[in-house]
Amino acid sequence: MPELPEVTLYLHALRPRIVGERIERIRIASPSLLKTFDPTPAELHGRAVQTLSRLGKRIVLGLEDGIFAVIHLMIAGRFQWRKPGAAIPRKRGHAAFDFARGSLVLTEASTHKRASLHLVRGAVALRAHDPGGIEPLEASAEDFAAAILRENRTLKRALTDPRILSGIGNAHSDEILLRARLSPVRLTRRLSGEEIERLRAATRSSLTEWSERLIEEAGDDFPAKVTAFHPAMAAHGKYGEPCDRCGTAIQRIVYATRETNYCPACQTGGRVLADRALSRLLGRDWPRTVEELEELRRTPEPES
């Protein structure tokens, strides 16, 4: 799912292409995309895009007369910039916003269509789509600490809860926690003041650096492959690979379709966190340390 850095990349690419330009037409190919009925898509025709902004992980087009188009890409939604009037891909295409200079095509490479488009009138209606989390790059040290400590949650859940922090998801939370050298299962109310400040600094630096890196890599081109995973990431998606800091193999916790990646040496004092599926299977044989895990891997399986 595109997170704050990826949404920032889209905004950077879209501003010179559509801000100040009029929407000539909106073509919606997938009825599941549009979640509202007033205003209608036709009411946006001829209106200029005045602002572009991020609302959590959502992209907001601010149009004339106080109308807003709120787009949530969810996990697999992506934008493409095509020539004017370009066809919407048959299997994975949702919609197209047609401008004189090009068409912004929204696709979703998934059998589960979760991307959404809400058309709303006025700032009050727009605020209803804000989950309420503070902006991590703008919050003061006091506001950040208050948000983190409001509920006693694991750090992984706190970072990815849009009611606490805005724009952070599964991928960048892994990067932040590795940089902060904090365990993903550490409870927020057990953090010291120094650890909270370390977390805030890691959050700000990681999100800023990733936003700048993605923009630099895209250059003037419209980004073709936007994903929350990047080969240069240090933790996310790096299960089994050596940690860039200490060389210890990155471990993971798998839950449903999501996984948390972490370095035992840098984040958990060498302790291997219990994976719900594997620890249930292994029971008391579940390795508690990196050394025990490596020993388990070296032990040959018994012959049947």
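I began with Glu259, which I found in strand 10 (residues 258–262), keeping in mind that the model is predicted. I then looked up its relative accessibility, which is 22%, so I noted Glu259 as partly exposed, since buried would require a value under 20%.

Next I listed what Glu259 touches, leaving aside its neighbours within four places in sequence, and I found Lys156, Asn170, Asp174, Tyr239, Arg252, Ile253 and Val254. I also noted that a polar contact of 2.9 Å joins the side chain of Glu259 to that of Asn261. For His236, which lies 23 residues from Glu259 along the chain, I recorded a separation of 8.7 Å between the two C-alpha atoms.

I turned to an open sheet, where I traced four strands in the order 1-6-7-5 with antiparallel pairing. Strand 1 (25–28) and strand 5 (77–82) stand at its edges with a single partner strand each, so one side of each has no neighbour in the sheet. On average, and with direction ignored, I noted that neighbouring strands of this sheet are turned by 15 degrees against each other. Between strand 1 and strand 6 (residues 93–98), which run antiparallel, I found four bridges, and in strand 6 I identified Asp98 as the bridge partner of Arg25.

Last, I looked at helix 3 (residues 141–149) and helix 6 (residues 193–218), whose axes come within 10 Å and cross at roughly 105 degrees; the two helices are therefore roughly perpendicular to each other. Where they meet, I saw Ala141, Phe144, Ala145, Ile148 and Leu149 from helix 3 and Ile196, Glu197, Leu199, Arg200 and Thr203 from helix 6. I sorted the residues of this contact into seven nonpolar, one polar and two charged.

Note on methods. Residues numbered from 1 in each chain as written. Predicted model: local features only at pLDDT ≥ 70, side-chain atom pairs only at ≥ 80, totals over all residues. Heavy atoms only, no water. Axes fitted to C-alpha atoms, helices over the stretch in contact; angles between N-to-C directions. Parallel < 35°, antiparallel > 145°, perpendicular 65-115°, else oblique. Contact = heavy atoms within 4.5 Å. Nonpolar A, V, L, I, M, F, W, Y, C, P; charged D, E, K, R; others polar. Buried < 20%, exposed > 50% of the residue type's maximum accessible area, 1.4 Å probe, protein only. Polar contact = N/O pair within 3.5 Å; in protein donor to acceptor, adjacent residues only side chain to side chain. Pairing = 2+ DSSP bridges.
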